[in-house]
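Please read them with the sequence and the coordinates open.

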Amino acid sequence: MPEPVPEAKPAGDELPPADGESATTELTGLFVEKPPDNVVAVAGSDVTIIAKVDSTTLTRKPTMKWLKGKWLDLGSKAGKHMQFKETYDRNTKIYTYEMKIIKVVPGDAGGYRCEVTAKDKCDSSTFEVSVESAQQEEQADILSAFKRADAGEDEGDLDFSALLKATKKKKRPEKEEPEIDVWELLKSAHPSEYEKIAFKYGITDLRGMLKRLKKMKEEPKHSEAFLKRLESCYSVEKGKKIVLTCEVVDPNVQVKWLKNGQEIKPSAKYVMEANGNIRTLTINKTTLADDAAYECVVGEDKCFTEVFVKEPPVTITKLMDDYHVVVGERVEFEIEVSEEGAHVMWAYEDQELHKDKDSTKYRFKKDGKKHTLIIQEATLEDIGMYHAWTNGGHTKGELEVEEKELEVLQDIADLTVRATDQAVFKCEVSDDKVTGKWYKDGVEVLPSDRIKMTHVGRFHRLVINDVKPEDAGDYTFVPDGYALSLSAKLNFLEIKIDYVPRQDPPKIHLDTTGNMVSQNTIIVVAGNKLRLDVEITGEPAPTVVWSKGDKPITETEGRVRVESRKDLSCFVIEGAERDDEGNYTICVTNPAGEDKAVLFVKIVDVPDPPENVKCTSVGEDCANIIWEPPKFDGGAPIKGYLMERKKKGSSRWTKLNFDVYESTTYEAKRMIEGVMYEMRVFAVNSIGLSPPSLNSKPFMPIAPTSEPTRLTVHDVTDSTCTLKWLAPEKIGAGGLDGYVIEYCKEGETEWVVANQELCERQGFAVRNLPVGEKINFRVVAVNIAGRSPPATLSQPVTIREIVEHPKIRLPRELRTKYIRRVGEKINLTVPFQGKPRPVATWYKDGQPIDPKMVNVRNSNVDSILFIRSAEREHSGKYELVLQIENMEDRATIEIRIIEKPGPPVNVKVTDVWGFNAALEWEPPKDDGNSEITGYTIQKADMKTKEWFTIYEHNRRTNCTASDLIMGNEYMFRVYSENLCGLSEEPRHSKNTAVIAKTGLVYKPNTYKEKEMTCMPKFTQPLVDRSVVAGYSTAISCSVRGFPKPKIIWMKNKMIIGEDPKYLMQNNQGVLTLNIRKPSTFDGGKYSCMAVNELGKDEVECKLDVRVATDPDKK
């Protein structure tokens, strides 16, 4: 394989790098074969680009993306124009990716990129596609490369122009003008004139024009107005927000923003901001109309960028149904898409369908998210597969059309007429639009003065007036367009005149050319009309009696009747039924004798429906159906069966065969995996089609999964083998229920199932294996459809323990002293390795641990030491010993359990001088199993006894208290401190420190107390109030008096007790009575009385409670 190297591109043709990418992509070696740098295609032909990826070093399936330009994902354009294919070679483990462009158009030219990613690895390759026209006209080629069938400057790239066929319009002859270089003209023009020039010279793809013009321009000179220009391009999803940012030199300069050369006005959609040197344009809720070129203008300088708006793919939410119709019926293919107004492309087989003004064969209908293809009158030429494409989905439906069957409602009856009489042949068919022709003995009957042919609705008549002997013969009616004919015979009855009176015995003349299949047997289809015209001769006229068995038939009206004419006796059965079957006797008598004939009438009908239709097995796209023959065959042998199927929930049945199928077992094919189907069967005999059978139970075509992948041996012991694998590459609609693990000894063929129940995980340990044997293993995936092909190991596995030295992997946090507080939980997990399984033993301070104090749990790979609530006695050195036979490994963990210390000892004041006092103490007797980190000293004045901290974290056992106040006496207390914090209790000093006065004697004046007693007096009275019922209120007043008076609240001179409706408050003589949600009954006079030993005082007010009124009712 050649070593992959970075691609080199010709100068001037480089595409600007995407955000976050360098100009050249460094390949990582995933591509075995990459597309050529330049692909040249001829317009109208097909082109295929191939890339191959090596997956031998990959842990998962790679993902391939085909991109056009910088961001346009071509996967959303998959359809009739662009097709993508992926294949995998299991032997070489190489994925082959193909991109095929059908009927290349000029718009397909440009830069492309294919990207492959697989977890943390990626690779990419770029290539150019050039399109050459069949006629090498340089100027036409340049312009055609930027023309689209659906012009519109703001329509964006995300459309179906690539799927539509290019139409060539005939140009009118124009006068020869000197050639003008359009691109030189555009380079020198102002951007505001681009649209005008493009319209003049026929360029409709403004975006493509701007791209080409951008490549042709020279490198921009250094800007004096911009510190940082706009990015070369921006991409945003439709409906999202995008911010265009640039940086200018002058923070006070004003900028203008242009879109396609037109100035943008500030609005809710376009927000322009200036922040120092930064200038931003924010476009809210982007649409395809925002896909354009933008400029930021500062004076004469400007910078450009392009915004590409990506439209999310439109998916198909309701798939297309199959149709089975007869010729002339209307067909409506209906789908639903995820967004309203989406574009849907319809196609028949490989041909795209368009709305044609000259033809009304196809109609296209849009109703919100519903799209419908309507075929007005289906013909046999319309049989095939119909497709619907969106830019994010595809669905198809099959149309089957069969010729319309014509049903005969009334057959032609044989006639026997005399000379000069009128003969009328009449028949009725099911379709009133059907025309036909009449034939006599194979020769077409033409109308004349005697012969008339009429067609009224469903009835066709042939009337022959003045019947002559040459009119006798066989008459046939043949409907146009149907392989069907109706025949009857016209018998001419000659009248003979005997001049000599005589007597002739009666004679029955039976016509055996009609419905008789054998001598005296007549077959009648159930529901049809039977008419037997029996010619009778004899002189004198004989008497006719019809009977069925021994019962004579005398009715002349009704469904079964007898009609008599001269020389004829007619036996009629209207709408034959099965009970009409039997032997019928006609007996004619006259004085000269009698004659008798026996006729057997056999009623035949369509058979009963088949029974017990059910599905016996399914495949990926097929199913086997069986059924039982009908109980009654209708009196005629069963010729075969017709089958139909439909999707569950749908009402459209699809025929599976047009020719009768003789067996009662059928394999239905061309079904979609994962879709529920129902089947029904019709029985067919010579009479017709039976009613349909009951629908089968719904069934789903599914297939087993592919084999599991990457089956490997994870571990082996003397009696077990642990296997691991990955899920199958193809699972399908049947899902995955689990795995079955099987094994067999080398040289044997009998496989033993290792797991009794399905294993849902992707790993399993097979146990109880014989030591030293070579065992083959295989794994089978199972789902509802059955077992997958097995995944097997390339060679057998020898069941033998692999000896591995014991090794303790002590975690980093346990390699130093492990400190915890009293009451905390300790859970230490120490991993180790070794085979066979090591024996793990814990020791504390050289002695085995007490299981009542410490819990230990050992596994194959680790040992866990657990203490639910740590105590001081749990401190110590713990040693883990790991042993395998005579090999061992050790690890030591030091655990210290700490708590708060006790108070210091012997706190005393050792010296007092000036405003200072010296203190000393001794360390606490209990340090809490942790080093003392310091002390906290506090002082308190003996008068106030309020404590103040004078030292924190004091490490020494002595200190000096300064800035003490002269004349005060102080006491002290000390807390000890360790890692857990301060001690619970302090230690008080045994003596106090008195700060003596120096030379000053204070002689206070004699103090005479003032007389403060007075009787109660209200300083603020109660005020009358009017309140609304239901709203809490309060009334207030203020009083003074010493000693403090007792307050009494009254309503209507009645003392208010401990009623929860009232809340009484007294705050420094301000009295408040709160009334909670008063009603009209709470109105009245409220008074407040203050009483002490010197007297009393009282104030009162009136409270009016009114009912609230609703303003809307006024």
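The points below start with the whole chain and then go through selected sites.

1. Basis. This is a predicted model, in which local features need pLDDT of at least 70 and side-chain atom pairs count only at pLDDT 80 or more, while totals for chains, interfaces and linings use all residues. Residues are numbered from 1 along each chain as its sequence is written, and side-chain values use heavy atoms, with hydrogens and water left out.

2. Whole chain. The protein chain has four helices and 88 strands; helices (H or I, at least four residues) and strands (E, at least two) are DSSP runs, numbered from the N terminus. Of its 1114 residues, 39% are buried, where buried means under 20% relative accessible area, exposed over 50%, and partly exposed in between (1.4 Å probe, protein chains only). Among contacts with a separation of 6 or more, 63% are between residues 24 or more positions apart; contact means heavy atoms within 4.5 Å. The accessible surface is about 65,400 Å², and carbon and sulfur atoms hold 49% of it. These areas come from the Shrake-Rupley method with a 1.4 Å probe, and for residues only the protein chains shown count as cover.

3. A five-stranded sheet. An open sheet with mixed pairing has the strand order β11-β18-β17-β13-β14. The edge positions go to β11 (233-237) and β14 (262-263), each with a single partner strand, so one side of each has no neighbour in the sheet. Two strands are taken to pair if DSSP finds at least two bridges between them. β13 (residues 256-259) pairs with β14 in the antiparallel sense over two bridges, and Leu258 is opposite Glu263 in β14.

4. Strands β67 (residues 855-858) and β68 (residues 862-867) run antiparallel and are joined by four bridges. Arg857 is placed opposite Ile864 in β68.

5. Pro838. This residue is in the loop between β64 (826-835) and β65 (839-844). Is Pro838 buried or exposed? Pro838 has a relative accessible area of 6%, so it counts as buried. Not counting residues up to four places away in sequence, Pro838 touches Phe832, Gln833, Asn860, Leu882, Gln883 and Ile884.

6. Asp1082. The loop between β86 (1070-1075) and β87 (1084-1092) contains Asp1082. Its relative accessibility is 7%, so Asp1082 is buried. The side chains of Asp1082 and Lys1061 make a polar contact of 3.4 Å. That term means a pair of N or O atoms within 3.5 Å; within protein, one must be able to donate a hydrogen and the other to accept it, and residues adjacent in sequence count only if both atoms are side-chain atoms. Leaving aside neighbours within four places in sequence, the residues in contact with Asp1082 include Lys1051, Tyr1062, Lys1077, Leu1103 and Val1105.

7. Salt bridges. The structure has 39 of them, each being a side-chain nitrogen of Lys or Arg within 4 Å of a carboxyl oxygen of Asp or Glu. Glu402 and Lys655 form one, with closest N and O atoms 3.1 Å apart. This pair links distant parts of the chain, 253 residues apart: Glu402 is in β27 (residues 393-402) and Lys655 in β50 (residues 654-655). Both partners are buried, Glu402 at 17% and Lys655 at 13%.

8. Further pairs. Lys646 and Glu678 form a salt bridge at 3.2 Å between the closest N and O atoms. Lys646 in β49 (residues 638-647) and Glu678 in β52 (residues 677-685) are 32 residues apart. Lys646 is buried at 10%, as is Glu678 at 12%. In the salt bridge of Arg330 with Glu332, the closest N and O atoms are 2.8 Å apart; here Arg330 is partly exposed at 40% and Glu332 is partly exposed at 30%. A network of salt bridges links Lys529, Arg531, Asp533, Arg561, Glu563 and Glu574.

9. A surface patch. Val327, Leu380 and Ile383 make up a nonpolar patch with about 200 Å² of accessible area together. Patches are made of residues with over 30% relative accessible area and no salt bridge; like charges are joined within 9 Å, and nonpolar side chains (Val, Leu, Ile, Met, Phe, Trp, Tyr) within 5 Å. Leu380 is in the loop between β25 (370-375) and β26 (384-390) and is partly exposed at 37% relative accessibility.
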